[in-house]
Amino acid sequence: SLYLTDFIQEIHQICIGEYSVYWFRHSSGHSHPGIIYTHNNRSDQCMERSENGSSTKSCVYSLPQTELRPSDTGIYYCAVATCGKIHLGNGTELIIE
């Protein structure tokens with residue numbers, strides 16, 4: 001099995017009970033990315049940083065993948081929805097030949 005990871009910087013606040021993680025895949029030949037996975041109230045590795053009285057978190061999220069096929073090739077993005085905002089990750093490219 002393989003774990004895809006994505007990184008989100010500067011999440012200023014995570015609201016208790018209002019925290020969801022979504023995964024999207026964008027592949028060539030498709031004009032819009034499609035949602036492939038969601039999970040609630042789950043955080044993988046997060047580090048908190050304080051600067052000038054403001055606290056931010058940087059988090060890495062993982063998506064387990066098994067039985068991969070060439071059709072799974074694409075760029076995978078995670079998004080965290082909290083406090084009425086959506087924070088989008090940088091994306092991770094997966095190439096299967």
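Is glutamate 97 buried or exposed? Glutamate 97 counts as exposed, with a relative accessibility of 88% (exposed means over 50% relative accessible area, buried under 20%, and partly exposed in between, using a 1.4 Å probe and protein chains only). Glutamate 97 sits in the segment that follows strand 8. From there to aspartate 72 is 25 residues in sequence and 10.0 Å in space, C-alpha to C-alpha.

A word on the model comes next. The structure is a predicted model, in which local features need pLDDT of at least 70 and side-chain atom pairs count only at pLDDT 80 or more, while totals for chains, interfaces and linings use all residues. Residues are numbered from 1 along each chain as its sequence is written, and side-chain values use heavy atoms, with hydrogens and water left out. For the protein chain, the mean pLDDT (the predictor's confidence in each residue, from 0 to 100) comes to 77, and 79% of the residues reach 70 or more. Confidence is lowest in strand 3 (residues 34-40), with a mean of 70, and highest in strand 8 (residues 92-94), with 90.

As for the fold, the protein chain has 8 strands and 0 helices (both are DSSP runs numbered from the N terminus: H or I of at least four residues for helices, E of at least two for strands). Read from the N terminus, the order is simply β-β-β-β-β-β-β-β. Of the 97 residues, 31% are buried. The chain exposes about 6,500 Å², 48% of it supplied by carbon and sulfur atoms (Shrake-Rupley method, 1.4 Å probe; for residues, only the protein chains shown count as cover). Among contacts (heavy atoms within 4.5 Å) with a separation of 6 or more, 61% link residues 24 or more positions apart.

On the inside, the largest nonpolar core has 13 residues, and Val21, Trp23, Tyr61, Tyr76 and Val80 touch the most other members. Such a core is a set of buried Ala, Val, Leu, Ile, Met, Phe, Trp, Tyr and Cys residues joined through side-chain atoms within 4.5 Å. Strand 1 (2-11), strand 2, strand 5 and strand 6 each give two or more residues to this core.

The structure holds 1 salt bridge (a side-chain nitrogen of Lys or Arg within 4 Å of a carboxyl oxygen of Asp or Glu). Aspartate 72 and arginine 25 form it, with 3.7 Å between the closest N and O atoms. Because aspartate 72 lies in the loop between strand 5 (54-65) and strand 6 (74-82) and arginine 25 in strand 2 (residues 19-26), the pair ties together parts 47 residues apart in sequence. Aspartate 72 counts as buried, at 13% relative accessibility, whereas arginine 25 counts as partly exposed, at 22%.

Serine 27 is found in the loop between strand 2 and strand 3. Serine 27 is buried, at 9% relative accessible area, and touches Thr73 and Gly74, not counting residues up to four places away in sequence.

Finally, strand 6 and strand 7 (residues 85-88) run antiparallel and are joined by 4 bridges (two strands pair if DSSP finds at least two bridges between them). Threonine 82 has lysine 85 of strand 7 as its bridge partner. The hairpin of strand 6 and strand 7 has 2 residues between the strands, and there cysteine 83 takes a positive phi near 55°.
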